Amino acid sequence: MNWQEFFAMGGYAFYVWTSYAVTFIVLLANVIIPIVRRKQFLRQQALKQKRQGTL
Amino acid sequence: MFLIPDPIVRFFHRMASPPHFYALTERLMPWLVVIFLLLLAAGLYGGLYLAPPDYQQGDSYRIIYIHVPSAWMSLFIYVVMAVAGGIGLVWRIKLAEIVAVSSAPVGAGFTFIALVTGSLWGKPMWGTWWVWDARLTSELILLFLYLGVIGLYGAIDDKRTASKAVAILALVGVVNIPIIHYSVEWWNTLHQGPTVTKMDKPSIHVSMLIPLLLMALAFKFYYLIAMLQRARIELLSRERNAYWVKSMISLGAER
């Protein structure tokens with residue numbers, strides 16, 4: 001089986017690859033969002049501590 | 001607690017202590033990610049390349065490798081969420097509350113994936129994107145239950161109270177789980193019956209079954225990764241005034 005045949009998925013390329021793409025995007029987002037939120041939170045708290053420390 | 005040996009009690013107290021849990025998740029994370037990626041690679045290779053096309057559905061059936069494991073996860077995570085919520089409700093264990101609420105977005109994600117991939121499979125095979133079939137409708141209700149849990153938790157400022165409310169909603173919603181599972185048997189509509197869980201004689205060939213089970217296992221590890229990432233930020237923001245969080249931040253451990 002060559003690559004072209006593989007990507008064609010027997011004529012069902014749109015349905016198969018859209019399914020896999022949607023899955024990939026949702027799964028990735030569900031990991032990245034909490035990590036970004038944690039970094040933001042830690043940065044904000046560090047700033048807050050610094051302000052309170054100098055006061 | 002009598003009957004339970006002391007070391008075991010100590011183990012659970014340590015596990016349920018927020019700083020210990022936070023440090024543990026950090027150490028576990030790389031291992032979980034490696035195991036997940038290996039299982040995912042093996043499952044995708046087996047499912048998309050090695051397994052033969054279906055004799056009736058051709059290559060379109062390959063959606064099964066994400067559709068079915070996602071649908072299983074949507075039910076599994078709901079049960080975990082309800083049980084953890086129940087434990088938090090009865091024993092007021094903070095960590096159980098956090099596991100319950102951190103599971104909701106991951107479960108909602110899998111429910112969404114199951115619905116979308118089902119639709120993308122239904123169009124070429126059934127000739128329609130959507131029907132109000134019992135399986136599809138009950139799965140859609142599951143998505144609304146997850147979204148309800150997320151919304152309710154966000155709407156209540158006091159997170160201990162929010163956890164109680166969410167746990168009750170999650171427990172009431174458990175009634176939907178057997179309905180989803182048995183819907184294809186109770187109502188004979190468009191969605192096909194179970195292929196794999198007929199344990200005595202699954203109606204699927206081994207070369208197709210093994211990648212499916214690998215993907216299911218990969219998704220279990222994914223759930224652990226995503227849920228623990230949610231739990232980490234949830235724990236930090238709830239414990240922001242606790243000594244361990246403050247000292248971690250002042251030490252500059254911005255991880």
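Predicted model: local features only at pLDDT ≥ 70, side-chain atom pairs only at ≥ 80, totals over all residues.
As a reminder, most residues other than glycine have a negative phi. And is A:Met9 buried or exposed? Buried, with a relative accessible area of 1%.

Over in chain B there's another one to look at. B:Arg92 isn't a glycine either, and it has a positive phi of about 55°. You'll find B:Arg92 in the loop between α3 (64–91) and α4 (94–126) of chain B. This arginine has a relative accessibility of 31%, so it counts as partly exposed, since the buried class stops under 20%.

How many aromatic pairs does the structure hold over all chains? The count is 20. One of them is B:Tyr78 with B:Tyr146, an edge-to-face pair at 5.5 Å centre to centre, with 70° between the planes. That pair links distant parts of the chain: B:Tyr78 sits in helix α3 of chain B and B:Tyr146 in helix α5 (residues 134–155), 68 residues apart. As for cover, B:Tyr78 is buried at 0% relative accessible area, and B:Tyr146 is buried, also at 0%.

Now put B:Tyr182 and B:Trp186 up on the screen. They're a stacked pair, 5.4 Å centre to centre and 25° between the planes. Here both partners lie in helix α7 (residues 176–186) of chain B, four residues apart, which is about one turn of the helix. B:Tyr182 comes out at 35% relative accessibility, so we call it partly exposed. B:Trp186 is at 51%, and therefore counts as exposed, with the cut-off for that being over 50%.

Last stop, the surface. Which residues form the positive surface patch? A:Lys48 and A:Arg51 from chain A, together with B:Arg240 and B:Lys246 from chain B. Of those, let's zoom in on B:Arg240, in the loop between α8 (206–238) and α9 (243–250) of chain B. Its relative accessible area is 32%, so B:Arg240 is partly exposed. Patch members need over 30%, and B:Arg240 has that 32%.

That's my tour, so over to you for questions.

Terms used
Residues numbered from 1 in each chain as written. Chains lettered and ligands numbered in written order. Heavy atoms only, no water. Patch = residues over 30% accessible without salt bridge, like charges linked within 9 Å, V, L, I, M, F, W, Y side chains within 5 Å. Areas by Shrake-Rupley, 256 points an atom, 1.4 Å probe, with all protein chains shown as cover. Salt bridge = Lys/Arg side-chain N within 4 Å of Asp/Glu carboxyl O. Lys, Arg positive; Asp, Glu negative; His and termini not counted. Charge placed at Lys NZ, Arg CZ, Asp CG, Glu CD. Helix = DSSP H or I, 4+ residues; strand = E, 2+ residues; numbered from the N terminus. Buried < 20%, exposed > 50% of the residue type's maximum accessible area, 1.4 Å probe, protein only. Phe/Tyr/Trp six-rings, centres within 6.5 Å; stacked < 30°, edge-to-face > 60°.
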